[in-house]
Structure formats: C-alpha cells, structure tokens
Amino acid sequence: MTHEVDFLIVGAGAAGIGAARRLSELGASPLLLETMDRVGGRAETRVVNGHALDLGCGWLHSGDRNAWTAIAERSGFTVDRRAAVWGQQFRDLGFPREDQAAARRAYEAWTDRLADAASSSDRASDALVPDGPWNGFIAAMTGFISGVGPERISAKDYITYDDASTRNNWRVVGGYGALIATGLPPSATVHTGVAVQCIDFTRDGVAVTTTVGLIQARAVILTVSTAVLASSAIRMPPDLELWQASAASLPLGRNEKVFLEIVGDAPFEDETSVLGNPRTRATGSYYIRPLGAPVIECFLGGDGAGVVDQGMDEGFEFARDELVGLFGSDVKRFLRPLAASHWHRTSSIGGAYSCALPGYAAARARLAEPFDDRVFFAGEATHPFDFTTAHGAHDSGVRAANEAFAAVTRGARLRGFASAKVHED
Ligand SMILES: Cc1cc2nc3c(=O)[nH]c(=O)nc-3n(C[C@H](O)[C@H](O)[C@H](O)COP(=O)(O)OP(=O)(O)OC[C@H]3O[C@@H](n4cnc5c(N)ncnc54)[C@H](O)[C@@H]3O)c2cc1C
C-alpha cells in the first residue's frame, strides 16, 4: 500500500473511474480505494447461467451525448441503439389502450404543472390532481425515475433532469457494469476491499485513515454516495459538515432489480415490455427478452422496491405473480429465479440514486464545491443535470479531477513542493 500520494480517489464507481481516467490523461497516477471486493459500485454486470445481468445501471441514458458510449466503442463493446420499449404494454395486457392514453395524459399534465410547484412549495406531489385516478401510476413512474414517490421529490430537480435528457436510451452488449469496470486506466492503482474510515487535514493536504493504514494525499476526491457521505461511515472534520448536510438533502431513492430466466417454449416475445399493475404505485416494470436473451428483467422503484426487503425469494415471487396476473398461470412453469439486487441493504451504497428533497435542488451545486483546494466531491449526485446516472457520475469525476489537478499543480508551484509526484510528460 502506497503511503503518500498526490491524488487519492475514494470509491471506484463510475465517478471514481471517470476521475481516474481524467487524471491519467493529465499525466498523474491516482490511487483508488474501494471498500467492495470489485470495482464499479452501482454499475455491476453479473454473469448468471451465461446471462450478463446489469444489477445496477443498464441504460446509456442520453446515449448520444453519454461519455460511456464513446468509451464503449473505443474499447470494443457494441452499443445497441434500438429504442427502449418500456411504456409499450405488450398486447395491452391488463392495461386497455384507452387507459394507457389516459394515464399518459395524466402524467404529461402533471409534468406540465411541475413548473408551478417548483416556484411555490417545490413539492412534486403538489402538482398532482387531488384524488386523481392516475396518481398511483404517476407515483409508480417517479418510483422508477427517482426512486421515491412525488411527496419526496423537488419539482425543480425533476424538471432539470427531464429537460436535459435527449431521450436516447441505448444499451451496451455485454453489460454497462462490465464496460465501466474495464474503464480503469493503466496508470491508476486500485485497492479493493479497503475502506476509508476517517479524513483529517494536515498542513499541506489530507490524512486518510483506512482499514489498512494511513495515507497522506495532496488531494482527495470523494465519490461515495450521498447516503454514505451523510452517515457517520467516514469520520470527517467539522469543516465538512456543510457538505454532509447537502448530501443529507439529496437522499438516495430505492430501486432494485429482479431477474427471471425463461425456460422452455414460453409466450414471451423478444424486446417487449409490460407494467405489472398500472393502478398501484408498488408495481414492477418488466423488460422481456432484452436483446433476445431468455430473461425477464423486473425493475422496481420507490414503494415497489420494498418487496425485496424480506429477501430475494419474495422479490422473485412478487415478479412471478405480477406476470401470472397478466399472462396467465401457465407461464409460472417457464420462469426460474436468476438474481436480484439489494442496493438498499448494501452498506457502502445505501440505495439507488439521489433525489433532491423539496426545496433542496441547489444542494447539488453546494455538494460539488471543493473544500480548500484539497477535498473534491464527485458522484452522480453532484452533477448539475445528469444526476442519477452513470454518465453524470463519470462527468462529475472528470470535473473533480480537473479541479484537483489544477489545485495540486498550483499548490506545487506556489508552495514549491519539490516532492509533488505529478508527471508532466
Ligand atoms: C437498480 C439501479 C438501476 C440503475 N439504472 C441506471 C441506468 O439504467 N442508467 C444510468 O445511467 N444509471 C442507472 N443507475 C444509476 C447509476 O448506477 C449510478 O448513478 C452510478 O453508477 C453512480 O456512480 P457513482 O460513482 O456516483 O457512485 P457509486 O457507484 O456508488 O460509487 C461509489 C463507490 O464508493 C465506494 N465506497 C463507499 N464507501 C467507501 C469507503 N468508506 N471507502 C472506500 N470506498 C467506499 C462504494 O462501494 C462504491 O463502489 C441505476 C442504479 C440502480 C441502483
């Protein structure tokens, strides 16, 4: 383990890897510490029964301006640019066409009213029609998109993401998690299974206590989730309380995935989709045979994500029951449990992605501010408009790397640090 470094990156998820790539381009050799035994964080492709399953991020949102799209193509991954079929109810099962149109209209009218809510209470639920027949459907959608119901969403935050999205949602053949995990540059050193426990300031930099000893760094880039930052998992000096408070106003919502394998001659068609129950907020969105694989990916959000709390079996049962409700009891025999996520219960993550509480959209910019040219903050929650995403996380890492590099080189010049280990070549 190195004991003195210029750049220490805490967390090897999309943001940490994005920061490492940028520092490497600038000629530096960062050290990454990751508490899990793998890199990628909320990006994880797990191969089960030969199927590459993305337990976390799966979609290259805004694919046409997503940094991972270019990285994928340069690294030999294939990008599938077919449009996503979510929102298209296969054969209108359990969701008659006129109801689909009514639900869509109600959702669009709600998003139109969000601007008014943003300038008053900023609570997204205040834009709902009281007792509106499609309020459950709208809450199910916000559960998928933000991981929480509209009561806990800043209308301003919601609009900011929505306005920035290009609506091009693409996929990486072989898995988004696999792509991100291969993104580490050769000049970076990564230690997995090492947790940062405490951050302290020294005269010239930062002293970082880890499970394997003390590291002195000129600059630290913190990429841990807002749930981790706001908790006491990493002890920090009182100077960073403002950052912890900002993180607390950007809590992680809840999203989980449950994967089922299709065996035998089941009536499931490639690249189709169904919503489990359009009349409740606790339901699953099912992507059937994605990219032709004999798999069903059930995406759970907000209240619906709670079904995996009791364990994976409950998640599998829930997904199977919703599918049986739509396709008939015969399909049960074609479905086998494959894998399920438990992001909410993973202590080094603590949920899915950040969502600003009503009145706190500005917390993202506050969280992105560096502290005293020595602690820099990255991670999806710090992106001004692509928050919640893996490409937003990547770009936030690039931003923090630029800031840290400028600060260290400026400091080295001004304070005459002969030992600054930044390579200029
Ligand atoms: C179910 C689900 C579906 C999603 N779908 C999509 C999608 O389709 N498209 C999309 O773009 N995004 C999606 N996302 C969001 C996306 O995965 C995240 O926004 C992104 O991966 C976050 O990256 P990050 O680097 O900011 O954070 P993280 O991935 O959380 O990285 C932070 C790292 O810090 C580590 N860490 C924490 N504490 C410590 C410590 N004390 N010491 C050392 N290391 C520590 C963590 O283990 C973690 O690896 C999804 C997320 C989930 C959960």
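Q: How does the shell around the ligand draw on the domains?
A: The shell draws at least three residues from each of domain 1 (4–39 + 184–251 + 353–415) and domain 2 (90–167 + 254–345). Those bounds come from an automatic or database domain assignment. This is a predicted model: local features need pLDDT of at least 70, side-chain atom pairs count only at pLDDT 80 or more, and totals for chains, interfaces and linings use all residues. Residues are numbered from 1 along each chain as its sequence is written.

Q: How many residues surround the ligand, and which are the closest?
A: 43 residues surround the ligand. The closest are Gly-11, Gly-13, Gly-41, Cys-57 and Thr-389.

Q: New topic. What separates the domain centres?
A: 32 Å, taken over C-alpha atoms. The contact takes 12 residues from domain 1 and 14 residues from domain 2. Contact puts two C-beta atoms, placed from the backbone, within 7 Å.

Q: And Ala-368, buried or exposed?
A: Ala-368 counts as buried because it has 21 C-beta neighbours inside 10 Å. The cut-off for buried is 20 or more other C-beta atoms within 10 Å, with C-beta atoms placed from the backbone.

Q: What does Ala-368 touch?
A: Phe-377 and Thr-382, not counting residues up to four places away in sequence.

Notes:
Near = placed C-beta within 6 Å. Buried ≥ 20, exposed ≤ 12 C-beta atoms within 10 Å, placed from the backbone.
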